[in-house]
Amino acid sequence: MKDSNDPVEPGKAADKAPGKAVGGAKGPDELRQQIQETRGQLGDTVEELAAKADVKARARARGAELKGKASEAGHAVQDKATEAGHVVQGKAVEAGHVVQDKAVQAGHVVQDKAVQAGHVVQSRATQAGHAVQDNVPQPVRTAVTNAVQAGKRHPRPVLIAGAGVVVAAGLLRRRHNGHH
């Protein structure tokens with residue numbers, strides 16, 4: 001077995017390219033071909049080393065990669081913000097409907113209270129009317145009833161008489177208050 005540190009036999013060139021057997025060229029054409037292959041491999045190796053050593057190019061490539069990732073992240077944030085905006089808008093519409101429903105309910109409560117108050121006022125007015133009617137003597141009630149019926153049959157004289165009563169009441173009030 002040969003040690004890798006053993007010297008190469010004279011007349012045989014060592015070819016260190018992968019997949020090549022160690023041995024010398026059998027002629028000038030084969031030597032030229034080996035040199036050409038070695039130059040090509042060496043050129044590829046130099047290009048790889050140059051690419052690794054080109055910090056600016058690597059930084060630009062990494063910057064472009066990071067820019068792409070940042071753009072993707074920005075779009076994701078924008079999508080989430082849009083989605084959140086739609087959720088907020090939905091909640092606002094829902095809240096508006098709740099407020100509207102409560103306002104309608106409050107309106108119904110107020111309307112019911114107003115109707116109840118109207119019934120109370122109407123009932124008390126009816127009671128007052130009955131109290132007055134019960135306390136007015138029968139001859140006065142009969143005279144008023146006759147006057148109302150006559151007024152319905154002949155409205156013009158009743159209007160004139162009514163105007164006279166209003167004037168007389170005004171004069172009596174002035175006299176009563178001390179004005180002549």
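Burial is judged here by relative accessible area: buried means under 20%, exposed over 50%, and partly exposed in between, with a 1.4 Å probe and protein chains only. By that scale Val-140, at 41% relative accessibility, counts as partly exposed. The structure is a predicted model, in which local features need pLDDT of at least 70 and side-chain atom pairs count only at pLDDT 80 or more, while totals for chains, interfaces and linings use all residues. Residues are numbered from 1 along each chain as its sequence is written, and side-chain values use heavy atoms, with hydrogens and water left out.

The chain has 4 helices and 0 strands, where helices (H or I, at least four residues) and strands (E, at least two) are DSSP runs numbered from the N terminus. Read from the N terminus on, the elements run α-α-α-α. Of the 180 residues in the chain, 3% are buried. The chain exposes about 16,000 Å², and carbon and sulfur atoms supply 61% of that area; accessible areas come from the Shrake-Rupley method with a 1.4 Å probe, and for residues only the protein chains shown count as cover.

Confidence comes next, given as pLDDT, the predictor's confidence in each residue from 0 to 100. The chain averages a pLDDT of 81, and 86% of the residues score at least 70. Among the elements of the chain, helix 1 has the highest mean pLDDT (89) and helix 3 the lowest (81). Over residues 1-19 pLDDT stays under 50, and for this stretch the model has 13 contacts beyond four places in sequence, a contact being heavy atoms within 4.5 Å.

Charged pairs are worth a look with the structure open. With a salt bridge taken as a side-chain nitrogen of Lys or Arg within 4 Å of a carboxyl oxygen of Asp or Glu, the count comes to 3. One of them joins the side chains of Asp-29 and Arg-32, at 3.1 Å from N to O. Both residues lie in helix 1 (residues 28-53), 3 residues apart, or about one turn of the helix, and both are exposed.

Helix 2 (residues 55-135) holds Arg-62 and Glu-65, which are 3 residues apart and so separated by about one helical turn. Arg-62 forms a salt bridge with Glu-65, the closest N and O atoms being 2.9 Å apart. Glu-65 also pairs with Lys-69, where the closest N and O atoms are 3.6 Å apart. Lys-69 and Glu-65 are 4 residues apart in helix 2, again about one helical turn. Through these shared partners, salt bridges join Arg-62, Glu-65 and Lys-69 into one network. An α-helix has 3.6 residues a turn, so residues three or four places apart point the same way. Arg-62 is partly exposed at 42% relative accessible area, as are Glu-65 at 39% and Lys-69 at 47%.

Helix 3 (residues 138-153) contains Val-140. Together with Val-144 and Val-148, Val-140 makes a nonpolar surface patch of about 230 Å². Patches are made of residues with over 30% relative accessible area and no salt bridge; like charges are joined within 9 Å, and nonpolar side chains (Val, Leu, Ile, Met, Phe, Trp, Tyr) within 5 Å.

Finally, helix 4 (residues 155-176) has 22 residues, which at 1.5 Å a residue should span 32 Å, in agreement with the 31 Å between its end C-alpha atoms; the expected span is 1.5 Å times one less than the number of residues. The number of buried residues in helix 4 is 0, so this helix lies largely in the open. Just after helix 4, Gly-178 takes a positive phi of about 95 degrees.
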